[in-house]
Amino acid sequence: MTDIFIVDDHSMLRNGLKSFLENTGRWKVTGTFSTGTECLSALAKCSEKDRPELIIIDIQLAEGENGFNLVKNLKSLYSEIKIVMYSMYNTWGFILQAKDLGVQGYISKVAGDEELLLCLENVKNGSTYYEKKSESIQTELSSILSVLKKQERIVFEMVLQGKSNRQISDELFISLHTVENYISYLIKLSDCKKRDELIEKYK
């Protein structure tokens, strides 16, 4: 069996997912946590051989924590641990951010049990797995992303996550005017007429 951690702010989901995975006979859940802080604390106490091979992480965690911040810490401290994001957020903005951070798998909580297990098995075996979405949209996105600079890509992801111009400005420490210029460029590049159309196109 493969050792695994679960990090999610909902206790019922943590317990249900733990039971489901262990009943398959292929996964052993050795830790469940509601925050990234708890997860990192547990890892710090583990010997190298006792660390989980894979960690399932939600985006929204308890105490206002963000799963992506936990991913950054894990990649810095325990790069050998594989990560699957498991979230209610299944739009491209979140999937792209996960990819940028080096997350090996991303799947939504509305996906079926079989797809979740397929995702976990792929990641365990060294592959990547991202929730199945429109291939034509994925091809178009790849074309757009190939010409974007790093900051433009980050703004693109944040727009697709539904964040306002003010939120983007505050999080990236750039002016509203700069954000507006980025978004105008992205709208034009995506062959859209306005912000809402851009979000709808790549949700």
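Predicted model: local features only at pLDDT ≥ 70, side-chain atom pairs only at ≥ 80, totals over all residues.
In the protein chain, 63% of the contacts with a separation of 6 or more are made by residues 24 or more positions apart.

The protein chain contains 10 helices and six strands. Along the principal axes, its C-alpha atoms fill a box of roughly 50 × 35 × 30 Å. A compact globule of 203 residues would have a radius of gyration near 17 Å, and the 18 Å of the protein chain therefore agrees with that expectation. Of these 203 residues, 45% count as buried. The accessible surface comes to about 10400 Å², and carbon and sulfur atoms hold 48% of that area.

Charge is the next topic. The protein chain carries 26 positive and 29 negative side chains, and the centres of the two sets lie 3 Å apart. Side chains of opposite charge can pair when their charged atoms come close. The count of salt bridges in this model is 12.

One of these salt bridges joins D8 and K109, with 2.7 Å between the closest N and O atoms. The pair links distant parts of the chain, 101 residues apart: D8 belongs to the loop between β1 (2-7) and α1 (11-23), whereas K109 belongs to the loop between β5 (105-108) and α5 (113-124). D8 counts as buried because its relative accessible area is 2%, under the cut-off of 20%. K109 has a relative accessibility of 16%, so K109 counts as buried as well.

K109 also forms a salt bridge with D58, where the closest N and O atoms are 3.0 Å apart. D58 lies in the loop between β3 (54-57) and α3 (67-77), while K109 lies in the loop between β5 and α5, so this pair ties together parts that are 51 residues apart in sequence. Both D58 and K109 are buried. Taken together, D8, D58 and K109 are linked in a network of salt bridges.

A further salt bridge is found between K49 and D50, whose side chains meet at 3.4 Å, N to O. K49 has a relative accessible area of 69% and is therefore exposed. D50, with a relative accessible area of 39%, is partly exposed.

An α-helix has 3.6 residues a turn, so residues three or four places apart point the same way. Just after α7, G162 adopts a positive phi of about 85°.

Positive phi values also occur at residues other than glycine. Most residues other than glycine have a negative phi, and most peptide bonds are trans. E63, which is not a glycine, has a positive phi of about 60°. E63 is placed in the loop between β3 and α3, and its relative accessible area of 72% means that E63 is exposed. F173 is likewise a residue other than glycine with a positive phi, near 60°. The loop between α8 (165-172) and α9 (176-189) holds F173, which counts as exposed because its relative accessibility is 77%.

K203 is found in the segment after α10 (195-201). With 51% relative accessibility, K203 counts as exposed, since the cut-off for exposed is over 50%. In space, the C-alpha atoms of K203 and F94 are 9.8 Å apart, although the two residues are 109 residues apart in sequence.

I137 sits in helix α6 (residues 135-145) and counts as buried because its relative accessibility is 17%. Apart from its neighbours within four places in sequence, I137 is in contact with W92, K201 and Y202.

Conventions
Residues numbered from 1 in each chain as written. Heavy atoms only, no water. Helix = DSSP H or I, 4+ residues; strand = E, 2+ residues; numbered from the N terminus. Rg over C-alpha atoms; globule rule 2.2 N^0.38 Å. Buried < 20%, exposed > 50% of the residue type's maximum accessible area, 1.4 Å probe, protein only. Contact = heavy atoms within 4.5 Å. Areas by Shrake-Rupley, 256 points an atom, 1.4 Å probe, with all protein chains shown as cover. Lys, Arg positive; Asp, Glu negative; His and termini not counted. Charge placed at Lys NZ, Arg CZ, Asp CG, Glu CD. Salt bridge = Lys/Arg side-chain N within 4 Å of Asp/Glu carboxyl O.
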